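Biologist: Could you walk me through this model? I have some quick questions.

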Amino acid sequence: MQGQHLLRALVSAALAAGLSAAAVAAPAAATAPAAASIYNQPPKEILDVMRAAAPPLPSLSPTRDKLMLVTMQDYPSIAKVATPFLRLAGVRIEPGNHSQHDTPGGYGIPPCVSAIDLVQVDSGKSIAVKLPAAADACPRRPVWSADGQRFVFENVTTDAVELWVGDARSGAVRRLPGVRLNQMFGDQLHWMPDQKTLLVKQVVARKAPPAEAPGSEGPGIQESLGQKGQSSTYENRDTLRNRHDEELFNYYGTSQLALVDVATGKITPVGKPGLYEDLSIAPDGRHVVVTEIRPPYSYVTTFDRFPKQVDLWDLAQRPGKDGNPVVREIAALPLADRVPNRGVPTGPRNFTWRPTEAATLVWVEAVDGGDPNVKASERDKLMLLKAPFNAAPVELTRTEQRFGGLSWSEQPDVALLTDYDVNRKWVRTWQINVDDAGNSRRLIWDQSSDEKYANPGQPVHRRLPNGFSVIRLQGDTIYLSGAGSSPDGDRPFLDKFDLKTQQKERLFRSSKTSYEQFIGFAGPGEGRLLTWSQSPEETPNAFVRTLGASTTAEAGEPTYASSSVALTHLVDPVPQVRQIKKRLVKYKRADGIDLSFTLYTPPGYKEGTPLPTILNAYPMDFADASKAGQTTGSQATFTRLRQYRLLLLAGYAIIDSAAFPIVGDPRKAYDTYTEQLVANAKAAVDEAVRLGVTDPNRVGVTGHSHGALMTANLLAHSDLFRAGAATSGSYNKSLTPFGFQNERRSVWEAPDVYTKASTFFYADKLKTPLLIVHGGDDANPGTTPLQSVKLFEAIRGNGGVTRLVMLPHEPHWYAARESNEQLIYEMLRWFDKYVKDAPPKQ
């Protein structure tokens, strides 16, 4: 009980500190003499690799005759990352252009496209797209039209998010004048079913945003009247604070819906301006489900939990008295600020149109209050409403587990319905005929959501002329594409699957020495596949694989009759990296659980030479020990060096993606969290030492986010490592008191678990050097920058060896080139001092 009293006192103090210090941007400056305010860089041989262009990403046209190769910019400049933004209910919006500054959760500024190439699948002829040339241009990933004739993309500039359209035959692109997109809530760009028109959210032309005189914002007031509300995912992170924030939210969130003719550029406004969140267009191109955010707002949750008005619009109808062409109200959803942990809001959600009918709407509603902890024989019900929408909605079926998705096929009588149990980590897929759902349901797959080896893969889809994506179906046959996890690592595959007999036929599987993924069928039929193939030595390239041709099978492998021809011929931008070797290593934890990691060795490595080594991992939760031991990932991928892997160029070995399972009942697995961390780490290090690669006296550890907590805890609870580097972590779990990762209990229900998982409470035991790095603008609620500040202060106050590096303007994942170069400089400096050049252990 003494530990519980101590914890409660620390919880109160930590929460109070969190509220008062949430705006801290560059802490700890007073703890040591200030260094020069410049960015450092790692050595040139590392810089050259960091700055090399990334391989492009393939995107097959819906008509399967053109392959688009999209090259993304790896790192924007710090000037771009430092662009001022507003924090408005979970959205980070740049006021100058209405663009989202960061992805939800703080995972980085969406990257710019640096190049687009269009490749003819039949001939291999390539056309380079000439992208916008302005100095401030930032094109985003293109979106194909369903007929494959055009593509559109957003171009983010200093003062607008522009809309551009490209011709798929010539590669010519042009801006659609007069269109300024509003990215505030996303979902701002849709192809209409005619594939000639776009439905967009436009910025509303108005006077200047509401100004705020100093001191005029008034008090920020919140109130709770006795109901429970576990909204830990949203609390106190970029939420609204006062009336002025509400005014800004309204100003920047308001959009004007409009139809844009891509040929003529004609803009036709639709309805009146509003806070439009989601848009869902019916196959008839006439009806649209429009979700609009309504007050009152909350200062606790982000905008996606605000009250919503869900209406059905008819674009061919004259506007009503309110200025919108509303046919019918679907739902008036209240504020959802008390959704149970891992639960869902009550009321209609997950709206989808039936692709093979003009206007048939389907949605889902919880029948258990949305609470996974409530015992219930049924969780959700599916509802259907048909045009002309003047009748009551019809209940289709109910799911015993939480609704997971409804995938329509190109045949109206075949769909796949998925439900899942978050407590058991279990997922099932059913085949149903929506027109006879009560009698047609047939179970297809029934397995753990952690199952990798027997995972059937995902159905292959195709685009209908109306733009809807449906499961490709021929008679009773569908196609399944998956990662193909196996004891040898991931080996992607393509199968034919008979829904009636539930028998499968394998058409293709990647070899053991390469990593080859199915992109899509090449051309109108199914006789040729388009794949994306790579190996540790070979740059990713597209191949056309013809089925039915004989080939030589690998030893012990069945023959999948096919032959392949290279479609693209991309070259290696960093050939010096090919000297790095990697291999999949399998071993066991002390309790018998199978584990694995990928072992990298630096250029010029001689077998049997013990090296300084860095271990990287990210703990994952498993309900079943047998699933925890399944191998994922591949050693056959093209080797790219990013973040800690760049230390290979400095002579380190890397134990990468080490399996770190936390195994147990999901409702109490974290009771043994630290014990399992240490067992995982010991097994990995011992195996690398046994292989003769790792010097046991020179091992470091690093991890990001939940992996950062792992890193700090391993230093506090084991003597395996000489130093650690933790990036963007959460070290005091009392600051997320209603759950973390897969821990469902609150800190008041399981105080000892929260204490034991939190390195903060063991700072006096942490004597191994720890480098702490954090993004100053981390929007991830669990990893507020305060977490790193307080851990640094705790270690420093207890006489430990530590260094805190706050990267200004950075989100949860670091974006800017300068920040990433600083990160590698810091890691290399830290590990060289405390691992590579460390004196022998005493």
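Biologist: Start with Trp-445. Is Trp-445 buried or exposed?
Modeller: Trp-445 is buried, at 15% relative accessible area. Buried means under 20%, exposed means over 50%, and partly exposed is in between, with a 1.4 Å probe and protein chains only.

Biologist: Before more detail, what sort of model is this?
Modeller: This is a predicted model: local features need pLDDT of at least 70, side-chain atom pairs count only at pLDDT 80 or more, and totals for chains, interfaces and linings use all residues. Residues are numbered from 1 along each chain as its sequence is written, and side-chain values use heavy atoms, with hydrogens and water left out.

Biologist: What is the average pLDDT?
Modeller: The protein averages 90, and 91% of the residues score at least 70. pLDDT is the predictor's confidence in each residue, from 0 to 100. Residues 1-36 have pLDDT below 50, with 30 contacts in the model beyond near neighbours in sequence. Residues 232-236 are also below 50, with 14 such contacts. Contact means heavy atoms within 4.5 Å. Where pLDDT is low, the predicted coordinates should not be read in detail.

Biologist: OK, aromatics. How many pairs are there in the whole structure?
Modeller: A search finds 21 aromatic pairs. Rings of Phe, Tyr and Trp (its six-membered ring) pair if their centres lie within 6.5 Å; planes under 30 degrees apart count as stacked, over 60 as edge-to-face and the rest as tilted. Trp-445 and Phe-497 form a tilted pair, 5.3 Å centre to centre with 40° between the planes.

Biologist: Where do those two sit in the chain?
Modeller: Trp-445 is in strand E27 (residues 442-448) and Phe-497 in strand E33 (residues 493-498). The two are 52 residues apart, so the pair links distant parts of the chain. Phe-497 is buried too, at 6% relative accessibility. Helices (H or I, at least four residues) and strands (E, at least two) are DSSP runs, numbered from the N terminus.

Biologist: Why is the Phe-518 and Phe-521 pair called edge-to-face?
Modeller: Because the planes of Phe-518 and Phe-521 are at 70°, with ring centres 5.3 Å apart. Phe-518 is buried at 13%, and Phe-521 is buried at 2%.

Biologist: Which residues form an aromatic cluster?
Modeller: Phe-185, Phe-249, Tyr-297, Phe-303 and Phe-306 form one.

Biologist: Switching to helices. At what angle do H7 and H8 cross?
Modeller: Roughly 85°, and the axes of H7 (residues 673-690) and H8 (residues 706-717) come within 10 Å. Axes are lines fitted to C-alpha atoms, for helices over the stretch in contact, and angles run from 0 to 180 degrees between N-to-C directions. That makes H7 roughly perpendicular to H8. Angles under 35 degrees count as roughly parallel, over 145 as roughly antiparallel, 65 to 115 as roughly perpendicular and the rest as oblique.

Biologist: Which residues make the contact?
Modeller: Among them, Leu-677 and Val-678 of H7, and Leu-709, Met-710 and Asn-713 of H8. Asn-713 also touches Ser-758.

Biologist: Where is Ser-758?
Modeller: Ser-758 is in the loop between helix H9 (751-757) and strand E47 (770-775). Ser-758 is buried, at 0% relative accessibility.

Biologist: Last one. Which helix holds Phe-831?
Modeller: H11, residues 817-836. Phe-831 is buried at 0% relative accessible area. The residues in contact with Phe-831 include Ile-614, Leu-647 and Tyr-652.

How values were computed
Lists of a residue's contacts leave out its neighbours within four places in sequence.
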